[in-house]
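Please look over the model below. A short report follows it.

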Amino acid sequence: MSKNGHEARLSAPHNCDGRRRGPGRPPEMEECERRERILDAACMALQQCGYHAASMDRVAQLSGMSKRTLYQMFESKQDLFHTLVSSRLFNVTPDKCHHMDDPAQELTELLLNLGSVILRPDRISLIRALITESQESEDIRRILTTLRAGGKDNILTTWLDRYVHHKQYVVNDISMYSNMLFGMTIGDLMLQSLACASETLWVEQNMRPRFQRAVRIFLAGFAQGCNCPCVPA
């Protein structure tokens, strides 16, 4: 193979899952890349214009795509913003932890991974815009309510449910404890960031020690509160 041929092969465009495009395929933007560009544009439109003025025309203009392309990927404006909120804030999948012999370490790492996503400046800006718009927009309130109702699928609830089974505790409302843990850790820093009371660097430097202390306090109180263990196997 010639040197130029080798270089051309190495620089061949790839799709989003790492596979090379087949021969003869045009160098089109892959679907996942188009989707992310549209979501970026929707986020920008929300922050610039507010929900009511963030039309599909405006999103198409900001994304550099046609409105027809938007409707091929999202059924409606509400579907687009539902996907934006869900994918950027709720459907966070941090790295898996493998320290079940040390639950405090595993939970701390889980919270750190989750916090590193939710507390990013662009995510905080989106949260701030949603809070502002929720006062005026029934659509935004409905989106947030619908997503909030899916609390059983959030990763903290999933972890606590696994922990409860491991410890053979009986807990009637895992979601309540999940919300409590979130408030003690990420929620507290999120409120400070929303109020512009904390610099990003300060948040990053203080997350681990704060989360470590909060997790140990939480797990100790959780064990004390779960005073009705199942009969040991």
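## Basis of the model

The model is predicted: local features need pLDDT of at least 70, side-chain atom pairs count only at pLDDT 80 or more, and totals for chains, interfaces and linings use all residues. Residues are numbered from 1 along each chain as its sequence is written, and side-chain values use heavy atoms, with hydrogens and water left out.

## The whole chain

The protein chain has eleven helices and zero strands. Helices (H or I, at least four residues) and strands (E, at least two) are DSSP runs, numbered from the N terminus. Along the sequence the pattern reads α-α-α-α-α-α-α-α-α-α-α.

The chain holds 233 residues, and 37% of them are buried. Buried means under 20% relative accessible area, exposed means over 50%, and partly exposed lies in between (1.4 Å probe, protein chains only). The chain exposes about 13800 Å², with 51% of it supplied by carbon and sulfur atoms. Accessible areas come from the Shrake-Rupley method with a 1.4 Å probe; for residues, only the protein chains shown count as cover.

A contact means heavy atoms within 4.5 Å. Of the chain's contacts with a separation of 6 or more, 64% link residues 24 or more positions apart.

## Helices α2 and α5

Two packed helices are described by the angle between their axes and the distance between the axes. Here the pair is helix α2 (residues 31-49) and helix α5 (residues 77-90). Their axes come within 10 Å and cross at roughly 100 degrees. Axes are lines fitted to C-alpha atoms, for helices over the stretch in contact, and angles run from 0 to 180 degrees between N-to-C directions. α2 and α5 are therefore roughly perpendicular to each other. Angles under 35 degrees count as roughly parallel, over 145 as roughly antiparallel, 65 to 115 as roughly perpendicular and the rest as oblique.

Which residues meet? From α2 come R35, E36, I38, L39, D40, A42, C43 and L46; from α5 come L80, F81, T83, L84, S87 and R88. The residues of this contact divide into eight nonpolar, two polar and four charged. Ala, Val, Leu, Ile, Met, Phe, Trp, Tyr, Cys and Pro count as nonpolar, Asp, Glu, Lys and Arg as charged, and the others, Gly among them, as polar.

Helix α2 also contains E31. E31 is exposed, at 52% relative accessibility. E31 and M73 are 42 residues apart in sequence, and their C-alpha atoms are 8.8 Å apart in space.

## Helix α10

T185 sits in helix α10 (residues 174-194). Is T185 buried or exposed? T185 is buried, with a relative accessible area of 1%. Its side chain reaches the backbone oxygen of L181 at 2.8 Å. Neighbours within four places in sequence aside, T185 contacts L111, F211 and A214.

S178 is also placed in helix α10. S178 is buried, at 2% relative accessible area. Beyond neighbours within four places in sequence, S178 contacts N154, L156, T157 and L160.

## Two loop residues

N154 lies in the loop between α8 (138-148) and α9 (155-167). N154 is partly exposed, with a relative accessible area of 25%. The C-alpha atoms of N154 and N91 are separated by 7.6 Å, although these residues are 63 apart along the chain.

Q168 is in the loop between α9 and α10. Its phi is positive, about 60 degrees, although Q168 is not a glycine. Q168 counts as partly exposed, at 29% relative accessibility.

Definitions and conventions. Polar contact = N/O pair within 3.5 Å; in protein donor to acceptor, adjacent residues only side chain to side chain.
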